[in-house]
Amino acid sequence: MGTRLRSVVSSKPKPLAPVGDIPFLELLVLQLRSQGIRRLVMCTGYQAEQVREEFADGRRWGVGIEYSNEPRPLGTAGAIKFAEQFLAEASDFLVMNGDSFLQFDFREFHRFHREHGGLASIAVRSVPDASRYGTVHLDRGNRVIRFSEKMGIQESGLINGGVYLFQRAILEHIPEGPASLEKDVLPGILENGAFALQQNGMFIDIGTPEDYARAQALFDSLSHAALLHPQAMPQAQQRP
């Protein structure tokens, strides 16, 4: 709902907050298209009609877009479970937050996911101040061993970048109804295997007025990053 952004974006759902001359969510659509992904499902809820009006069937961007419209707020995991009908033919599927941008190489991420064979692969990013994000802790084999809640302490750490690759079997671990991916699902599947691949490219979310203003200032760089060919991206590190 973007309640923290109401002072600067009062009439739109957060993913449609304007950045430069386009909605923030358009950056993600452009990024996915540049990585060869053509079928998208948008999980919508708050002011869903605005999202559908903006993106329609996706033809304008050379992609196909379908909509999974939540009847009530279902949280980050509940939204995925509710969209299960769109995943009938998917053995693996990519999930992205709609209010953050992480520069990543999909082919490399998919290769990592297949090689490690976990239920989940998470794209993570090292940041100098992880106080408002919480952190992800890995062993030497890039396996996630635990998640730490945000502590408000200004120190560096690996954070969840809001980009995931899941095996279809993850749906068996998501309950019906409202649920949080970060709090209710991911901590419970560590024994089944969750792995993380570190990314070194641009990362930004627009959750606060300060970060939204930073996204505005970085619009040209974000647009370039969204369209950048993966081979030209910074080399991802597989260990922090």
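How many residues lie between S8 and S9 in the hairpin that they form, and which residue in the turn has a positive phi? The hairpin of S8 and S9 has five residues between its strands, and Asn142 in the turn has a positive phi of about 70 degrees.

## Basis of the report

This is a predicted model, in which local features need pLDDT of at least 70 and side-chain atom pairs count only at pLDDT 80 or more, while totals for chains, interfaces and linings use all residues. Residues are numbered from 1 along each chain as its sequence is written, and side-chain values use heavy atoms, with hydrogens and water left out.

## The chain as a whole

The protein chain has seven helices and 12 strands, where helices (H or I, at least four residues) and strands (E, at least two) are DSSP runs numbered from the N terminus. Of the 240 residues in the protein chain, 50% are buried; buried means under 20% relative accessible area, exposed means over 50%, and partly exposed lies in between, with a 1.4 Å probe and protein chains only. Among the contacts in the protein chain with a separation of 6 or more, 74% join residues 24 or more positions apart, a contact being heavy atoms within 4.5 Å.

Strand S8 (residues 135-138) and strand S9 (residues 144-148) pair in the antiparallel sense over four bridges, and two strands count as paired if DSSP finds at least two bridges between them. Within this pairing, His137 stands opposite Arg146 in S9.

Most residues other than glycine have a negative phi. Asn142, in the loop between S8 and S9, has a positive phi although it is not a glycine, and with a relative accessible area of 5% it is buried. Ala56 also has a positive phi, near 45 degrees, and lies in the loop between helix H2 (48-55) and strand S4 (64-69); with a relative accessible area of 39%, Ala56 is partly exposed.

## The open sheet

An open sheet of four strands runs in the order S5-S10-S7-S11, with mixed pairing. Strand S5 (92-96) and S11 stand at its edges, each with a single partner strand, so one side of each is left without a neighbour in the sheet. Neighbouring strands of this sheet are turned by 30 degrees against each other on average, direction ignored; such angles are taken between lines fitted to C-alpha atoms, for helices over the stretch in contact, and otherwise run from 0 to 180 degrees between N-to-C directions.

Strand S7 (residues 120-127) and strand S10 (residues 157-167) pair in the antiparallel sense over eight bridges, and Ser126 has Leu158 in S10 as its bridge partner. Helix H4 (residues 106-116) packs on the sheet, where it touches S5, S7, S10 and S11, and its direction makes about 75 degrees with that of S10.

## Nonpolar cores and buried positions

The largest nonpolar core has 43 residues, of which Met42, Phe55 and Phe101 touch the most other members; a nonpolar core is a set of buried Ala, Val, Leu, Ile, Met, Phe, Trp, Tyr and Cys residues joined through side-chain atoms within 4.5 Å. Helix H1 (residues 24-34) gives the most to this core, with seven residues. A second, separate core of 27 residues includes Phe93, Leu119, Leu138 and Ala194.

Leaving aside neighbours within four places in sequence, the contacts of Met42 include Leu25, Val29, Val51 and Phe55. Thr44, in strand S3 (residues 39-44), is buried with a relative accessible area of 6%. In helix H3 (residues 75-82), Ala77, Gly78, Ala79, Ile80 and Lys81 are buried, and the buried residues of H3 pack against S3, S5, S10 and H5.

## Helices H1 and H7

H1 and helix H7 (residues 219-227) pack at an angle of about 30 degrees, with their axes 7 Å apart. The two helices are therefore roughly parallel to each other, since angles under 35 degrees count as roughly parallel, over 145 as roughly antiparallel, 65 to 115 as roughly perpendicular and the rest as oblique.

In this contact, Leu27, Leu30, Gln31, Arg33 and Ser34 in H1 meet Leu222, Ser223, Ala226 and Leu227 in H7. By class, the contact has five nonpolar, three polar and one charged residues, where Ala, Val, Leu, Ile, Met, Phe, Trp, Tyr, Cys and Pro count as nonpolar, Asp, Glu, Lys and Arg as charged, and the others, Gly among them, as polar.
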